[in-house]
Amino acid sequence: MSDALTAHTWFEFSGIEPNPTYDTLIKAQAIIKSENIDYLLAVGGGSVVDGAKFIAAAAFYEGDNEDNDPWNILAKRQTITKALPLSAILTLPATGSESNGNFVVTRHGNKLPCSSPLVRPLFAVLDPSVTLSLSDRQIGNGVVDAFVHTIEQYLTYSVNGKVQDRFSEGILQTLIEEGPKALLPATKENLDVRANIMWSATMALNGLIGAGVPQDWSTHMIGHELTGAFGIDHARTLSIVLPAVMKVCREQKHEKLLQYATRVWQINEGDDSNRIDQAILLTEQFFEQMLVPTRLSDVNLGSDDIDLIIERLQQRGMTALGEKRNITLAVSREILTQAL
């Protein structure tokens, strides 16, 4: 990559961690100002791309006379009005951040999301060969992250969005088929496998499958608090919370859970309840194949830790989650209890 930039003046900013932190990202502003940086190129996974988006927005943040802290972009949900242009070279397929305007930043244990079309990368380079150096943990996390991104936009209620549904089902089936192969010695270096996983992760959150359909995101909101409070990998919070959401919300998601069972898992026998049970079980087994936890107990958390998560959700106003905004704090507690 350095060779490709020989005709340009460029500077490197490194050290962005998984679940990028404000304290790290804000340090980039000194380089931007001193060197008059006018373009950002994010080279890395979703955390690096997310971090670059915040850096791009913070570069033009003015605030007001009393408070000019760029953290307000997230904490006060302020609209981004100007940002540095940026692009991405993706090294870890997972978040889809290379193709959307979403980003998440953590500060003092608070993991907050933001979104703006002004920080959507102008282009992204996706080369599956760079993913061959990933660890099994990174591979598993990436596949699960993409899977749950798709589910959040699919497993809601029907609005007859047939194209969106079929796209979603294709992404889910691809991840189910290809994900485990990326962990098996005989196929883990197969570039076709890696390419299909990489493209699935991008398509899962570039806006295509979510256009015109209801979306859930309760798994992510609860998961963010698990990451913020306990430092658990983002994808691993999702694999813990999603099966519990499916179980607790099975009545309001009944129609889509049956569709999911039939079209994604080819479960066509048994009564409705049995088919839904099988679909949830197969989802958990798929997560286990990807070497991620499916219970709070798998990450050494128990019932005594639930109060803290509920308190954090309340502090952030996350009291009406889900596609119907009926996942109250009481329901979130039920989901976490189910996840034990």
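Predicted model: local features only at pLDDT ≥ 70, side-chain atom pairs only at ≥ 80, totals over all residues.
**View 1. An open sheet of three strands runs in the order S1-S2-S5.** Pairing is parallel. Two strands pair if DSSP finds at least two bridges between them. Strands (E, at least two residues) and helices (H or I, at least four) are DSSP runs, numbered from the N terminus. S1 (40–44) and S5 (124–126) are the edge strands; each has a single partner strand, so one side of each lacks a neighbour in the sheet. From one strand to the next, the twist averages 10°. Five bridges join S1 to S2. Ala42 stands opposite Ala88 in S2. Three bridges link S2 (residues 86–90) to S5. Leu90 has Leu126 in S5 as its bridge partner.

**View 2. Helix H3 (residues 46–58) packs on the sheet.** H3 touches S1 and S2; contact means heavy atoms within 4.5 Å. The direction of H3 makes about 160° with that of S1. Axes are lines fitted to C-alpha atoms, for helices over the stretch in contact, and angles run from 0 to 180 degrees between N-to-C directions. On S1, Leu40, Ala42 and Gly44 form the covered face. Leu41 and Val43 form the uncovered one.

**View 3. Helix H8 (residues 218–230) crosses helix H12 (residues 306–315) at roughly 115°.** The two axes come within 10 Å. H8 is roughly perpendicular to H12, a term for angles of 65 to 115 degrees. From H8, Met221, Ile222, Glu225, Leu226, Gly228, Ala229 and Phe230 meet Leu308, Ile309, Arg312 and Leu313 in H12. The contact residues divide into eight nonpolar, one polar and two charged. Ala, Val, Leu, Ile, Met, Phe, Trp, Tyr, Cys and Pro count as nonpolar, Asp, Glu, Lys and Arg as charged, and the others, Gly among them, as polar.

**View 4. Ser135 lies in the loop between S5 and helix H5 (136–154).** Ser135 is partly exposed, with a relative accessible area of 34%; buried means under 20%, exposed over 50%, and partly exposed in between (1.4 Å probe, protein chains only). The C-alpha atoms of Ser135 and Leu183 are separated by 9.1 Å. Along the chain, Ser135 and Leu183 are 48 residues apart.

Terms used
Residues numbered from 1 in each chain as written. Heavy atoms only, no water. Parallel < 35°, antiparallel > 145°, perpendicular 65-115°, else oblique.
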